[in-house]
Amino acid sequence: MGLRIVVGSDNAGFEYKEALKADLEADDRVDEVIDVGVGANTDGNPYPNIGVAAGEKISDGEADRALLVCGTGIGVAMAAGKVPGVRASVAHDSFSVERLIKSNNAQVLTFGQRVIGLELARKLAGEWLGYEFDESSASADKVAVLSAYESGNAKDGDS
């Protein structure tokens, strides 16, 4: 079964979102692309609304991952990361994209349209689709600490 990917952007990331969305829709590893905005003919939607909407799709089990774009990638990452159970980060190089999944089991990758070139964003998004988190890796214990803290079940010394 392929991935269900949420895409979204504010006005500052719209051009890249549309290009990345087309790439995802054409990729055999992706079964569904869910667009949470913004559209071409809107005055926009602030990045916090887009990030939270994408995070909620993941939290609710409607999607597996999200690819979000704003001017820097920072705002949508911060917004998506506010949704309980969602881990999000901006990444602009291959190693960071790999570690986003393999070390942190993050569901959300964000880009900054004003920071990264489109062709690099497309390349990194393609790489991102190929990574999976290994629940038996050394990183699994670290991700478990994050999840426990977030759920209020952290033990003394874990946080």
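1. Arg 87 counts as buried, at 16% relative accessibility. Buried means under 20% relative accessible area, exposed over 50%, and partly exposed in between, with a 1.4 Å probe and protein chains only. Arg 87 sits in the loop between H3 and strand E4 (88-90). Helices (H or I, at least four residues) and strands (E, at least two) are DSSP runs, numbered from the N terminus.

2. A word on the basis. This is a predicted model, in which local features need pLDDT of at least 70 and side-chain atom pairs count only at pLDDT 80 or more, while totals for chains, interfaces and linings use all residues. Residues are numbered from 1 along each chain as its sequence is written, and side-chain values use heavy atoms, with hydrogens and water left out.

3. What does Arg 87 touch, not counting residues up to four places away in sequence? The list is Asn 104, Asn 105, Ala 106, Gln 107, Val 108, Val 143, Leu 146 and Ser 147. Contact means heavy atoms within 4.5 Å. Arg 87 and Val 108 are 21 residues apart in sequence, yet 6.3 Å apart in space, C-alpha to C-alpha.

4. Most residues other than glycine have a negative phi, and most peptide bonds are trans. Asn 105 lies in the loop between H4 and E5. At 22% relative accessibility, Asn 105 counts as partly exposed.

5. Check one peptide bond too. The bond from Gly 37 to Val 38 is cis, with omega near 5 degrees. Val 38 belongs to the loop between strand E2 (30-35) and H2.

6. Helix H2 (residues 47-59) has 13 residues. From first C-alpha to last, H2 reaches 18 Å, close to the 18 Å expected at 1.5 Å a residue. That expected span is 1.5 Å times one less than the number of residues. Ile 50, Gly 51, Ala 54, Gly 55 and Ile 58 of H2 are buried. They cover an arc of only 125 degrees around the axis, which puts them on the same side of H2. The arc is that of the directions from the helix axis to the C-beta atoms. The buried residues of H2 pack against strand E1 (3-9), strand E3 (65-70), helix H3 (74-81) and strand E5 (108-112). Just after H2, Gly 61 takes a positive phi of about 80 degrees.

7. Helix H1 (residues 14-26) also has 13 residues. H1 reaches 19 Å, close to the 18 Å expected. Its buried residues are Tyr 16, Lys 17, Ala 19, Leu 20, Lys 21 and Leu 24. They pack against E1, E2, E3, E5 and H5.

8. How do the axes of helix H4 (residues 94-102) and helix H5 (residues 118-129) meet? They come within 9 Å and cross at roughly 30 degrees. Axes are lines fitted to C-alpha atoms, for helices over the stretch in contact, and angles run from 0 to 180 degrees between N-to-C directions. H4 and H5 are therefore roughly parallel to each other (angles under 35 degrees count as roughly parallel, over 145 as roughly antiparallel, 65 to 115 as roughly perpendicular and the rest as oblique). The contact is made by Ser 94, Val 97, Leu 100 and Ile 101 of H4 and Lys 123, Leu 124, Glu 127 and Trp 128 of H5.
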